[in-house]
Amino acid sequence: IVCPTSLVYNWLDELENFTPDLRCQVITGVPEERLSLIKTTEPVDVFITSYPLLRRDINNYEERFYHTVFLDEAQFIKNAASLNAKSVKALNAAHRFALTGTPIENSLSELWSIFDFVMPYYLLTHSRFVKQYEKQILKNDEEALVSLNKRIRPFILRRMKKDVLQELP
């Protein structure tokens, strides 16, 4: 699990509450401690780290294969050229999920970057995506908008505030 620094221990608490049998490891501390935790030979079911620490330690993570990677607050990778995006996309995983409440804030390229993590090339290369979708949609091309929505709809779960339980944020 890769998440903002402020949520690392929230994830640990939730995992301990709902899946107490999982062996979870938070990757924090000074570089030597983090390296030791990443390279542990002890069985670990879930590693939890932050975007800033993953950026610093990506070379140590690249050596491993992960069954599943979850990104929480995936808008942290909305800029495909950022170190955050490059780092998470370097992780070797069979399955990838991105959780975000704001997949698009400024441009459709932000959506492309998140999809590029989850399913590389599903939305084409970035340059082809810009040409085929982003520029066309900005020109109010309804056909391009419908086409893009058709491609992404099966992979996006959108909940309206009115549909979420009151206790949840």
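The largest nonpolar core in this predicted model has 19 residues. Within this core, the residues with the most contacts are Tyr61, Leu71, Ile77, Val88 and Leu91. Here is a quick tour of that core and the elements around it.

**Who builds the core**
- Helices H3, H4 and H5 (108–118), together with strand S4, are the elements that give two or more residues to this core.
- H3 gives the most, with four residues.
- A second, separate core has 12 residues, among them Leu123, Tyr133, Ile137 and Ala144.

**A closer look at Val88**
- Which residues does Val88 touch, leaving aside its neighbours within four places in sequence? Its contacts are Val2, Tyr51, Leu54, Leu71, Ile77, Arg96 and Phe117.
- Val88 also belongs to the group with the most contacts inside the largest core.

**Helix H3**
- H3 spans residues 51–61, and its buried residues are Tyr51, Leu53, Leu54, Asp57, Ile58 and Tyr61.
- Residues three or four places apart in an α-helix point the same way, because there are 3.6 residues a turn.
- The buried residues of H3 pack against strands S1 (2–3), S3 (46–50) and S4, and against helices H2 (31–38) and H4.

**Strands S4 and S5**
- S4 (residues 65–72) pairs with S5 (residues 92–99) in the parallel sense, over seven bridges.
- Phe70 has Phe97 in S5 as its bridge partner.

How values were computed: Residues are numbered from 1 along each chain as its sequence is written. This is a predicted model: local features need pLDDT of at least 70, side-chain atom pairs count only at pLDDT 80 or more; totals for chains, interfaces and linings use all residues. Side-chain values use heavy atoms; hydrogens and water are left out. Two strands pair if DSSP finds at least two bridges between them. Buried means under 20% relative accessible area, exposed over 50%, partly exposed in between (1.4 Å probe, protein chains only). Contact means heavy atoms within 4.5 Å. A nonpolar core is a set of buried Ala, Val, Leu, Ile, Met, Phe, Trp, Tyr and Cys residues joined through side-chain atoms within 4.5 Å.
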